[in-house]
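Keep the 3D view open as you read.

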Amino acid sequence: MAGDELTQRALVAAAVEATGLDDFGDDSWREGLDRLLHALHTEADLSVIGVMVARASLTGELTSRLRVIDWHRRHPEIGSASIPAPVVILGQPRTGTTILFDLLAQDPQFRVPLSWEVTAPHPPPETATYGSDPRIAEAETRLGMSEVLIPGFQAIHPSGARRGQECVAITSGDFRSLLFPTVYRVPSY
């Protein structure tokens, strides 16, 4: 594996260059990224393509984090927004949490984060273009790659840009997520 491509320094530099931003917020993400990078180097046995995919994915997580932190800094009022009576779904993987989440998302009284919003949260979606935002097609293309890379995945875990997204993707920007062991062989992570 190309060691210098998958280092915290290289990924941070790529994200800063891509955004022109350098405020990652608190350092809570660093330990998780370090653990993930160590596991990728010592356990994942990534191919050349695997390294490229990991680099792009992890740089994307950091890029998204930079943009979200910047948005919060410029709009501090969103931190005090009220979320009345949230519904929280908890459960181990493969226990039905996704189908419960999708079921609840069918009820208009619930507002769930959609996959396209989670993968590209900045800028926040606008009501006027909520159904036609170009990020929807981009997310659909990315999600479609899962079937190419992991044949049969859609049969066991249907996904789509307009489907609800659970915490595994939402927490990935802090590098404390079950997403990474799902994608890579990283048992120590």
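## Ground rules and the main core

A nonpolar core here is a set of buried Ala, Val, Leu, Ile, Met, Phe, Trp, Tyr and Cys residues joined through side-chain atoms within 4.5 Å. Buried means under 20% relative accessible area, exposed means over 50%, and partly exposed is in between, with a 1.4 Å probe and protein chains only. The model is predicted, so local features need pLDDT of at least 70 and side-chain atom pairs count only at pLDDT 80 or more, while totals for chains, interfaces and linings use all residues. Residues are numbered from 1 along each chain as its sequence is written, and side-chain values use heavy atoms, with hydrogens and water left out.

The largest nonpolar core has 22 residues. Those with the most contacts inside this core are Leu6, Leu33, Leu40, Leu46, Leu58, Leu62 and Phe175. Two or more residues each come from helix H1 (8-19), H2 and H3, and H2 gives the largest share, six residues. Helices (H or I, at least four residues) and strands (E, at least two) are DSSP runs, numbered from the N terminus. In soluble globular proteins, nonpolar side chains tend to be buried together.

Which residues does phenylalanine 175 touch? Not counting residues up to four places away in sequence, the list is Trp29, Gly32, Leu33, Leu36, Leu58, Glu61, Leu62, Phe180 and Tyr189. Contact means heavy atoms within 4.5 Å. There is also a second, separate core of seven residues, including Phe101, Trp116, Ile136 and Ala139.

## Helix H2 and its buried face

The buried residues in H2 are Trp29, Gly32, Leu33, Leu36, Leu37, Ala39 and Leu40. Seen down the axis of H2, these residues fall within an arc of 165°, so they line one face of the helix. The arc is taken from the directions from the helix axis to the C-beta atoms. Among the elements covering the buried residues of H2 are H1, H3 and helix H9 (179-183).

Arginine 35 also lies in helix H2, but it counts as partly exposed at 45% relative accessibility. Its C-alpha atom is separated by 16 Å from that of serine 57, which is 22 residues apart from arginine 35 along the chain.

How do helix H2 (residues 28-42) and helix H3 (residues 48-74) cross? Their axes come within 13 Å and cross at roughly 180°, and H2 and H3 are therefore roughly antiparallel to each other. On the H2 side, the contact is made by Ser28, Trp29, Leu33, Leu36, Leu37 and Leu40, and on the H3 side by Ala54, Leu58, Leu62 and Arg65. By class, that contact has eight nonpolar, one polar and one charged residues. Ala, Val, Leu, Ile, Met, Phe, Trp, Tyr, Cys and Pro count as nonpolar, Asp, Glu, Lys and Arg as charged, and the others, Gly among them, as polar.

The axes of H1 and H2 come within 10 Å and cross at roughly 120°, so H1 and H2 are oblique to each other. Here Gln8, Leu11 and Val12 of H1 meet Trp29, Arg30, Leu33, Asp34 and Leu37 of H2. This contact divides into five nonpolar, one polar and two charged residues. Axes are lines fitted to C-alpha atoms, for helices over the stretch in contact, and angles run from 0 to 180 degrees between N-to-C directions. Angles under 35 degrees count as roughly parallel, over 145 as roughly antiparallel, 65 to 115 as roughly perpendicular and the rest as oblique.

## Loops worth a look

Aspartate 45, in the loop between H2 and H3, has a positive phi near 50° in a residue other than glycine. At 65% relative accessibility, aspartate 45 counts as exposed. Alanine 85, in the loop between H3 and helix H4 (97-105), has a positive phi too, near 45°, and is exposed, with a relative accessible area of 69%.

A cis peptide bond joins histidine 122 and proline 123, with omega about -5°. Proline 123 lies in the loop between helix H5 (115-119) and H6.

Leaving aside neighbours within four places in sequence, glutamate 166 is in contact with Thr97, Thr98, Phe101 and His157.
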